[in-house]
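Subject: The model we talked about

Hi,

Here is the structure for you to look at. Open it up alongside this email, and then read on for what turned up.

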Amino acid sequence: MSAGVDRGGGRPVAVASAAKERVLTQPHTPWRQHLLIHLVFFLMGAELFLASPLLPTMSADFGTTVTATAWVVTTFGVSYAIASPLLGALTEHLPRRRVILAGLGVFAAGETLCALSPNLGWLLAARAIAGVGGALIGPAMWAYLAETAVPLERGRAIARGAAAYAGGQIVGVPLATFVAAGSSWRLAFAAVAAGLMVAGTLIALRLRESARAIRIHDRGAWAALRSSFALWRGGVFRLIMAGNFFVQAARLGTYAYAGALFATKFGFATGVLGLVGALVGLGSLIGSLVAGPLVDRWRSRGRREPLLCVGWGLVLAAALGVATTADTWQLCLAGFVTAFFAGTAFFSTAQVYLTTVMAERRAPAVSWNNSVLYIGTGAGTTALGLTTLGGTAFAVCSVTFALLAAGFSALSALRRPSLAD
């Protein structure tokens, strides 16, 4: 298929033959193809929660303070947040499979450099590279799941991706604490890099392209960026972004202090904190698996996803209220597990709504959403850090973030998407 020139709609992308690109044509959700995407999400989930337990070990290795070494966590998020909307717009016209493979290459290179870093400066640079790789992969994979799923199974498709991500957390946190206790921290990054290489090989050999690869247009870099930034003119888009911002500020912003809460209030040791992280990840896994079929049934009855998000947001607020004020570790743990159950269900539900209402603009929309999620985490962590750990203001701030997520979802439920959105 050759490319021509279309002055009105841009330059059609030169796409290889269906045989070369292995384009999906069956009218059913390709669950086996999705498993390849789930493998990458699993590795990304493990990587996200990998660095925090390793900070003391890395700090001792480099002879730096823990505070300075903590930039290892921040740098990845900042890199991802900045790169995601730009790369999402610039690669929107490219086949998803091709973008995923490119992102995997960059991500694996970054993780490999992390394992080989001779000092903290090199490690921070490597984390920034890994963040760029993640920014390439994330939007393309979420878009792929939404585009290849049958509309009435889109909830399950998105939620299973979120479940794979949560599964990585369940494995990643205990793995990191185990490595921190008895081996080199470099091994953890090397293991993720090896996993990404295996995933990339399987995707190169087996993943079929979505049918949208043969009907999109390259409008040029500046036009793509303008179109991406123009998404913010849509009222529904802004409301979805606001809800996701505050749910992430509530969920992960509060969780950033979970280790400190369990250590100071209940005397938990580092090894036990790894188990706490795994149980919280299990809450996320169950939340995503419950949300998927529920969203599909909800949509099949003509109801809109933001109403479900209101409910998830209220459950999140109640759970965080328990987690931040509990006098026993059992109640605190139950609060955090429930909070991650509701928070991940909120994310899965909102992601289905976003990828549905944005239609062909879902890749740049998801890229903005990913950026907003990281910014929300940073904002929540910063705001909560200004309060006294475990105090009344800390609890009120955490719960308020969750209530704001529910409130913006309620506004979104009242507003019908239009062509302007």
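First, the ground rules. This is a predicted model, in which local features need pLDDT of at least 70 and side-chain atom pairs count only at pLDDT 80 or more, while totals for chains, interfaces and linings use all residues. Residues are numbered from 1 along each chain as its sequence is written, and side-chain values use heavy atoms, with hydrogens and water left out.

**Confidence**

pLDDT is the predictor's confidence in each residue, from 0 to 100. The protein has a mean of 85, with 87% of its residues at 70 or more. The stretch to watch is residues 1-20, where the pLDDT is below 50. That stretch still has 32 contacts in the model beyond near neighbours in sequence, a contact being heavy atoms within 4.5 Å. Where pLDDT is low, the predicted coordinates should not be read in detail.

**Overall picture**

The protein holds 17 helices and two strands. These are DSSP runs (H or I, at least four residues, for helices; E, at least two, for strands), numbered from the N terminus. Of the 421 residues, 55% are buried; buried means under 20% relative accessible area, exposed means over 50%, and partly exposed is in between (1.4 Å probe, protein chains only). Among contacts between residues at least 6 apart in sequence, 84% join residues at least 24 apart. The protein exposes about 16800 Å², and carbon and sulfur atoms supply 68% of that. Accessible areas come from the Shrake-Rupley method with a 1.4 Å probe, and for residues only the protein chains shown count as cover.

**A greasy spot on the outside**

L275, L279, L282, I286 and V290 make a nonpolar surface patch with about 390 Å² of accessible area together. Patches are built from residues with over 30% relative accessible area and no salt bridge; like charges are joined within 9 Å, and nonpolar side chains (Val, Leu, Ile, Met, Phe, Trp, Tyr) within 5 Å. L275 sits in helix α13 (residues 270-300) and is exposed, at 53% relative accessible area.

**Aromatic pairs**

There are 21 aromatic pairs in the whole structure. Rings of Phe, Tyr and Trp (its six-membered ring) pair if their centres lie within 6.5 Å; planes under 30 degrees apart count as stacked, over 60 as edge-to-face and the rest as tilted.

One of them is F246 with F408, a stacked pair at 5.8 Å centre to centre with 5 degrees between the planes. F246 is in helix α11 (residues 235-255) and F408 in helix α17 (residues 392-414), so this pair ties together parts 162 residues apart in sequence. F246 is buried at 16% relative accessible area, while F408 is partly exposed at 24%.

Y255 and F336 have ring centres 6.3 Å apart and planes at 75 degrees, so that pair is edge-to-face. Since Y255 lies in helix α11 and F336 in helix α15 (residues 329-357), the pair ties together parts 81 residues apart in sequence. Both Y255 and F336 are buried. Ring pairs also link them with F262, F266 and F340 into a cluster.

**Salt bridges**

R127 is buried at 1% relative accessibility, and E47 is buried at 1%. E47, E111 and R127 are linked in a network of salt bridges.

D61 and R186 form another, with the closest N and O atoms 3.6 Å apart. D61 is in helix α3 (residues 55-62) and R186 in helix α9 (residues 185-206), 125 residues apart. Here D61 is partly exposed at 43%, and R186 is partly exposed at 23%.

**And that serine**

S412 is in helix α17 and is buried at 3% relative accessibility. The C-alpha atoms of S412 and L239 are separated by 5.8 Å, although the two residues are 173 apart along the chain. Neighbours within four places aside, S412 contacts V236, L239, I240, R304, P306 and Y353.

Cheers

How values were computed. A salt bridge is a side-chain nitrogen of Lys or Arg within 4 Å of a carboxyl oxygen of Asp or Glu.
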